[in-house]
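Biologist: I have a new model open on my screen. Can you walk me through it? Start wherever you like.

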Amino acid sequence: MDHDEARTRILDAAEKLFYERGIQSVGMDELRTAAGVSLKRLYSCFPAKHDLVEAYLRRRDSRWRAALAEYVDAHADEPSARPLAVFDWLGEWFAEDGFRGCAFLNAYGELGATSERVGCVAREHKEALLGYVAGLVRAVPVAEPELLARQLVLLIDGAIAGAALMGEPSAARQARTAAAALMGAAGSVAG
C-alpha cells in the first residue's frame, strides 16, 4: 500500500469514526485498526492526531460544500430558487443514516478551546458557506444581499442544530419557510 492509499484509508476511517462518535473518544490505535494500516504508517501520514483532525475537517469541508453546490445546480434553475434549494438539500442530508449535525461545530465544541487549528478550520468552513450563500443571494434582486445571506446562514446553522440535537425532521422545511419569508421581505420570492 502506497502513502496516498494509506492516507485515504486513514481519512475515510477518521471521517466515519470522528463524525459518528466524536474526535476525543477515538484513539489512534482504533483508527489504525479501522483503516487497516500499521501504527507506523498512520504516524508517517499524520505525525500527530491534530494533523489528522485538521485533514479530516478540510476534506469534509470540501466534500460537503461540493455536494451542496452540486445539488443546488441540479435542482434550481432560477436564481431566486437557488438559495431555497440549499434548505431542500439540508432536508435530504438530515434524513441520511448517521446524520450527527455539523462536523465543524461538533469539532469546535470538543476542541475549539484547546485547538487553534480546529477553530480556524471551523471558521473557514463557516466563512466559505457564507460566501457560497452570498453568491447565490447576489444573483437575486434583493435589498441588502449580504445581510440576507448572513440571515440565511443563521437559518442553515439553526436547522442543522435542530435536526441533530432535537431530532427535528422538519427543521430544514421550517428553515426554508423562514428563508422564503426573509427573501420576500427583501424583495424576492421563489416557490
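Modeller: Let's start inside. This is a predicted model. The count of cavities of 30 Å³ or more comes to one.

Biologist: How much space lies in the largest cavity?

Modeller: About 40 Å³.

Biologist: Which residues line the largest cavity?

Modeller: Arg60, Trp64, Trp93, Gly101, Cys102, Ala103, Phe104 and His125. At least two residues of that lining come from α4, and at least two from α6 (103-111).

Biologist: And the lining of the largest cavity by class?

Modeller: Five nonpolar, two polar and one charged.

Biologist: Now the open side. How much space is in the largest pocket?

Modeller: About 180 Å³.

Biologist: Which elements give two or more residues to the lining of the largest pocket?

Modeller: Those are α1 (3-21), α4 (49-75) and α5 (82-94). The most comes from α4, which gives three residues.

Biologist: Which residues line the largest pocket, then?

Modeller: Glu15, Tyr19, Arg60, Arg63, Trp64, Trp89, Trp93, Glu96, Asp97, Gly98 and Phe99. Arg60, Trp64 and Trp93 line the pocket, and those three also line the cavity.

Biologist: How many of the pocket's lining residues are charged?

Modeller: Five are charged. Another five are nonpolar, and one is polar.

Biologist: Step back for me. How many helices and strands does the protein have?

Modeller: Nine helices and zero strands. From the N terminus on, the order reads α-α-α-α-α-α-α-α-α. The C-alpha atoms fill a box of roughly 60 × 30 × 30 Å along the principal axes.

Biologist: What share of the residues is buried?

Modeller: Buried residues are 46% of the 191 in the protein. As for contacts between residues at least 6 apart in sequence, 67% join residues at least 24 apart.

Biologist: What does the domain assignment give?

Modeller: Domain 1 covers 1-47 and domain 2 covers 49-189. Their centres, taken over C-alpha atoms, are 27 Å apart.

Biologist: How many residues are in contact between domain 1 and domain 2?

Modeller: 19 residues of domain 1 are in contact with 19 residues of domain 2.

Biologist: What does UniProt place at residues 4-64?

Modeller: The feature there is "domain: HTH tetR-type", and it comes from an unreviewed entry. In the model, residues 4-64 are 80% helix and 0% strand.

Biologist: Where does UniProt list the "DNA-binding region"?

Modeller: At residues 27-46, again from an unreviewed entry. That stretch is 75% helix and 0% strand, with its end C-alpha atoms 13 Å apart.

Biologist: Let's go to single residues. Where is Met1?

Modeller: Met1 is in the segment before α1. Its relative accessible area is 43%, so Met1 counts as partly exposed.

Biologist: What is Met1 in contact with, leaving aside neighbours within four places in sequence?

Modeller: Ala6, Arg9, Gly36, Val37 and Arg41. Met1 and Val37 are 36 residues apart along the chain, and 8.8 Å separates their C-alpha atoms.

Biologist: Next, Leu68. Is it buried or exposed?

Modeller: Leu68 is buried, because its relative accessibility is 1% and the cut-off for buried is under 20%. Leu68 sits in helix α4.

Biologist: Which residues are in contact with Leu68, leaving aside neighbours within four places in sequence?

Modeller: Val86, Trp89, Leu129 and Tyr132. Trp89 also lines the largest pocket.

Biologist: And how far apart are Leu68 and Gly184 in space?

Modeller: 23 Å, C-alpha to C-alpha. In sequence, Leu68 and Gly184 are 116 residues apart.

Biologist: One last topic, backbone angles. What is phi of Glu144 near?

Modeller: Phi of Glu144 is near 50 degrees. That is a positive value in a residue other than glycine. Most residues other than glycine have a negative phi.

Biologist: Where is the place of Glu144?

Modeller: Glu144 is in the loop between α7 (116-138) and α8 (145-166).

Biologist: Why does Glu144 count as exposed?

Modeller: Because its relative accessibility is 56%, and exposed means over 50%.

Definitions and conventions: Residues are numbered from 1 along each chain as its sequence is written. This is a predicted model: local features need pLDDT of at least 70, side-chain atom pairs count only at pLDDT 80 or more; totals for chains, interfaces and linings use all residues. Side-chain values use heavy atoms; hydrogens and water are left out. On a 1 Å grid over the protein atoms alone, a cavity is a set of points where a 1.4 Å probe fits but cannot get out, and a pocket is an open set with protein on both sides within 12 Å along at least five of seven lines; lining residues have an atom within 4 Å of a point. Grid points are joined across faces, edges and corners, and a volume is the space filled by probe spheres set on the points. Helices (H or I, at least four residues) and strands (E, at least two) are DSSP runs, numbered from the N terminus. Ala, Val, Leu, Ile, Met, Phe, Trp, Tyr, Cys and Pro count as nonpolar, Asp, Glu, Lys and Arg as charged, and the others, Gly among them, as polar. Buried means under 20% relative accessible area, exposed over 50%, partly exposed in between (1.4 Å probe, protein chains only). UniProt positions are given in the numbering used here, feature names are shortened, and annotations may be inferred rather than shown by experiment. Domain bounds come from an automatic or database domain assignment. Contact means heavy atoms within 4.5 Å.
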